[in-house]
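User: I'd like to go through this model piece by piece. Can you take my questions as they come?

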Number of protein chains: 2
Amino acid sequence: MGWAEGFIAVDWGTTNRRAYLIGPGGERQGEMEDELGILSVTKGGFGPAVAALTERLGDRPLLMAGMIGSNRGWVETPYVPCPAGAAELAAGIHWVEAGRIGIVPGLCWSQGDEADVMRGEEAQIVGAVESAMVPPDSIVCHPGTHNKWVRLEAGRIAAFRTVMTGEIFNLLKSHSILTDLLAAEVRPDSAFEAGVRHGFERDDLTAELFSVRARTLLGKSAREEAACYTSGLLIGADLRFGLGFAGEGALFVMGRPELTGLYAAALAVAGRAAREIDGEEAFVAGAIHLAELVR
Amino acid sequence: MGWAEGFIAVDWGTTNRRAYLIGPGGERQGEMEDELGILSVTKGGFGPAVAALTERLGDRPLLMAGMIGSNRGWVETPYVPCPAGAAELAAGIHWVEAGRIGIVPGLCWSQGDEADVMRGEEAQIVGAVESAMVPPDSIVCHPGTHNKWVRLEAGRIAAFRTVMTGEIFNLLKSHSILTDLLAAEVRPDSAFEAGVRHGFERDDLTAELFSVRARTLLGKSAREEAACYTSGLLIGADLRFGLGFAGEGALFVMGRPELTGLYAAALAVAGRAAREIDGEEAFVAGAIHLAELVR
């Protein structure tokens with residue numbers, strides 16, 4: 001069957017994948033999620049892994065985005081340079097099977113010594129712009145393992161920078177001297193806000209991280225507060241950098257709701273209002289728009 | 001045998017221990033090192049672990065410093081508050097066996113919301129002061145898993161702060177998206193110096209860490225440079241914080257020679273001269289001085 005019957009949109013990441021069956025009118029007719037991220041698939045295993053998707057969701061064309069196009073994915077799909085919007089992304093799609101199985105490219109940006117890359121968020125951001133969830137000139141903060149600060153100009157991604165906030169927190173939580181302090185779930189409570197304030201106002205991240213442990217050992221702060229404070233601290237430092245990079249403008253936080261909630265709370269501490277956008281909805285919108293451009 | 005025949009000084013850390021047989025005149029008569037750090041010893045195993053030392057080096061009194069006095073060590077020995085020098089450390093020694101097996105306490109410091117702790121470095125620093133390796137008013141930078149910035153005033157440790165530089169580098173090297181880039185041995189080469197300059201001058205550590213990967217992916221910098229650059233970046237940020245904390249004054253870098261060499265090179269990039277002090281020599285000097293105070 002061709003695109004007229006709809007298609008399957010796949011957000012294929014490092015550790016999991018989500019697939020959506022999109023009907024002819026753009027309606028979501030089905031979806032599935034599993035842990036078959038690219039790191040769980042061998043080089044020759046992507047064909048069968050895709051066949052499992054069409055078997056489950058239906059025999060439709062596929063449009064895939066995310067790490068599936070990285071050097072560890074199915075076919076390395078070259079980064080498209082900024083500024084780039086839906087048209088540039090559509091033109092950069094790599095067709096594994098002509099007109100039938102496409103991989104959306106990632107984006108790259110550089111200026112002088114600075115350089116950055118993105119894979120996956122671009123489909124969401126373009127979807128949010130094209131479906132008017134965010135205005136064509138705005139700032140998007142996209143938290144995840146790696147938080148992205150994105151400047152949108154005239155509906156295209158003009159520039160972006162990545163901050164390793166989520167990954168650093170996970171490393172500290174899993175493998176560091178702070179591990180026994182960071183097990184608690186992170187909530188935007190007063191300890192989180194205190195961390196945000198410190199991280200946003202002060203430039204001493206790698207020192208303050210050790211203070212988290214020292215204050216607990218000396219009985220100057222409660223063990224239970226360490227996880228929220230540390231998350232806040234890292235996000236506060238992230239905002240100091242990101243707001244400096246992104247500048248003024250309407251601000252949107254896009255991604256998984258539990259993360260956009262934390263960042264929105266942190267932005268409020270930093271004195272900036274932000275609207276939250278569900279990343280999944282934005283992704284589906286982006287896939288539908290890209291499909292319209294290439295079908 | 002008593003202290004008149006000499007003693008055994010033990011620097012007992014998290015992952016290894018070093019022991020020195022010190023003769024009556026302060027001469028090193030023997031030494032041993034093994035990987036029996038505190039994490040490798042069960043709670044009831046410290047007695048036998050010490051017996052193995054005296055069996056090897058001789059039946060002498062023992063003076064031990066480092067993580068052996070932590071809450072994961074043999075007996076938790078309370079931190080002594082700053083300012084503290086040799087006299088305060090000697091007074092804080094916990095005697096597991098009276099006058100025979102002593103654990104040197106760590107130090108703590110706090111001011112307002114800031115707090116810090118140290119275990120192990122204090123014995124080296126006091127040794128360096130008492131044996132005139134460093135003047136009584138000076139600044140000591142003590143790199144390791146956790147780098148310590150120490151202000152010495154009138155021969156005592158007045159204040160100090162810890163920066164998690166070494167641990168963060170190790171986490172990135174072992175478990176992160178940068179792992180495949182950070183395998184090379186770190187040397188103070190031009191990539192290292194470029195990293196130091198960036199880290200020292202700019203406040204964007206968690207963003208610049210991702211740029212290391214992005215620049216490599218985009219062919220804007222060589223893979224071989226990533227380890228040295230990243231180490232330099234973290235050390236540069238460490239210096240920006242530490243020199244701000246420590247202020248002006250004669251500067252000494254103490255610890256393992258491969259680390260003091262890197263920090264001295266980084267300090268030169270930051271425009272500060274520093275003399276390197278061998279941490280092992282300083283430790284032995286500290287143990288000898290403390291033994292004289294308590295024997």
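User: How do strand 1 and strand 4 of chain B pair, and over how many bridges?
Analyst: This is a predicted model. In it, strand 1 (residues 7-12) and strand 4 of chain B run in the parallel sense and share five bridges. Within strand 4 of chain B, Met64(B) is the bridge partner of Val10(B).

User: Which residue stands opposite Leu62(B) in strand 7 of chain B?
Analyst: Ile101(B) does. Strand 4 and strand 7 (residues 101-103) of chain B pair in the parallel sense, over three bridges.

User: How many residues of strand 4 of chain B are buried?
Analyst: Five of its five residues are buried. Both faces are covered, with Leu62(B), Met64(B) and Gly66(B) on one side and Leu63(B) and Ala65(B) on the other.

User: What about Leu62 in chain A, buried or exposed?
Analyst: Leu62(A) counts as buried because its relative accessibility is 2%, and the cut-off for buried is under 20%. Leu62(A) lies in strand 4 (residues 62-66) of chain A.

User: What is Leu62(A) in contact with, leaving aside neighbours within four places in sequence?
Analyst: With that exclusion, its contacts are Trp3(A), Ile8(A), Val10(A), Val50(A), Leu53(A), Thr54(A), Arg100(A), Ile101(A) and Gly102(A).

User: And how far apart are Leu62(A) and Ala98(A) in space?
Analyst: They are 11 Å apart, C-alpha to C-alpha, with a separation of 36 residues in sequence.

User: Back to chain B. Where does Thr77(B) lie?
Analyst: Thr77(B) is in the loop between strand 4 (62-66) and strand 5 (80-81) of chain B. Thr77(B) is buried, at a relative accessible area of 0%. Setting aside neighbours within four places in sequence, Thr77(B) is in contact with Gly69(B), Gly92(B), His94(B), Ile103(B), Pro105(B) and Arg119(B).

User: Which strands make up the open sheet with mixed pairing in chain B?
Analyst: Three strands, in the order 5-8-9. Strand 5 and strand 9 (114-118) of chain B are the edge strands, each pairing on one side only. Strand 5 and strand 8 (residues 107-111) of chain B pair in the parallel sense over two bridges. Val80(B) has Leu107(B) in strand 8 of chain B as its bridge partner.

User: Changing topic to the interface. What area is buried between chain A and chain B?
Analyst: About 3,900 Å², with carbon and sulfur atoms giving 63% of that. In chain A, the residues that lose the most area to chain B are Met164(A), Thr206(A) and Phe210(A), together 16% of what that side buries. The contact takes in 44 residues from chain A and 44 residues from chain B.

User: How many polar contacts and salt bridges cross it?
Analyst: Between chain A and chain B there are 16 residue pairs in polar contact, counting pairs where both are at pLDDT 80 or more. Helix 6 of chain A gives the largest share of the chain A side, eleven residues. By class, that side has 19 nonpolar, nine polar and 16 charged residues. The salt bridge count between the two chains is six.

User: Which residue does Arg240(A) pair with in a salt bridge?
Analyst: Asp203(B), with the closest N and O atoms 2.6 Å apart. Arg240(A) is in helix 7 of chain A and Asp203(B) is in the loop between helix 5 (190-201) and helix 6 (205-217) of chain B, so the pair joins two chains. Arg240(A) is partly exposed at 21% relative accessible area, and Asp203(B) is partly exposed at 32%. Another salt bridge links Arg72(B) and Asp180(A), where the closest N and O atoms are 3.8 Å apart.

User: How many salt bridges does the structure hold over all chains?
Analyst: 34. One of them joins Arg18(A) and Glu280(A), with the closest N and O atoms 3.0 Å apart. Arg18(A) sits in strand 2 (residues 17-22) and Glu280(A) in helix 9 (residues 279-294) of chain A, 262 residues apart.

User: Is there a buried or an exposed end to the Glu114(A) and Arg161(A) pair, and what are the values?
Analyst: Glu114(A) is buried at 17% relative accessible area, and Arg161(A) is buried at 1%. Their closest N and O atoms are 3.5 Å apart.

How values were computed
Residues are numbered from 1 along each chain as its sequence is written. Chains are lettered from A and ligands numbered from 1 in the order in which they are written. This is a predicted model: local features need pLDDT of at least 70, side-chain atom pairs count only at pLDDT 80 or more; totals for chains, interfaces and linings use all residues. Side-chain values use heavy atoms; hydrogens and water are left out. Contact means heavy atoms within 4.5 Å. Buried area is the accessible area (1.4 Å probe) that two parts lose on being put together, summed over both. A salt bridge is a side-chain nitrogen of Lys or Arg within 4 Å of a carboxyl oxygen of Asp or Glu. A polar contact is a pair of N or O atoms within 3.5 Å; within protein, one must be able to donate a hydrogen and the other to accept it, and residues adjacent in sequence count only if both atoms are side-chain atoms. Helices (H or I, at least four residues) and strands (E, at least two) are DSSP runs, numbered from the N terminus. Ala, Val, Leu, Ile, Met, Phe, Trp, Tyr, Cys and Pro count as nonpolar, Asp, Glu, Lys and Arg as charged, and the others, Gly among them, as polar. Buried means under 20% relative accessible area, exposed over 50%, partly exposed in between (1.4 Å probe, protein chains only). Two strands pair if DSSP finds at least two bridges between them.
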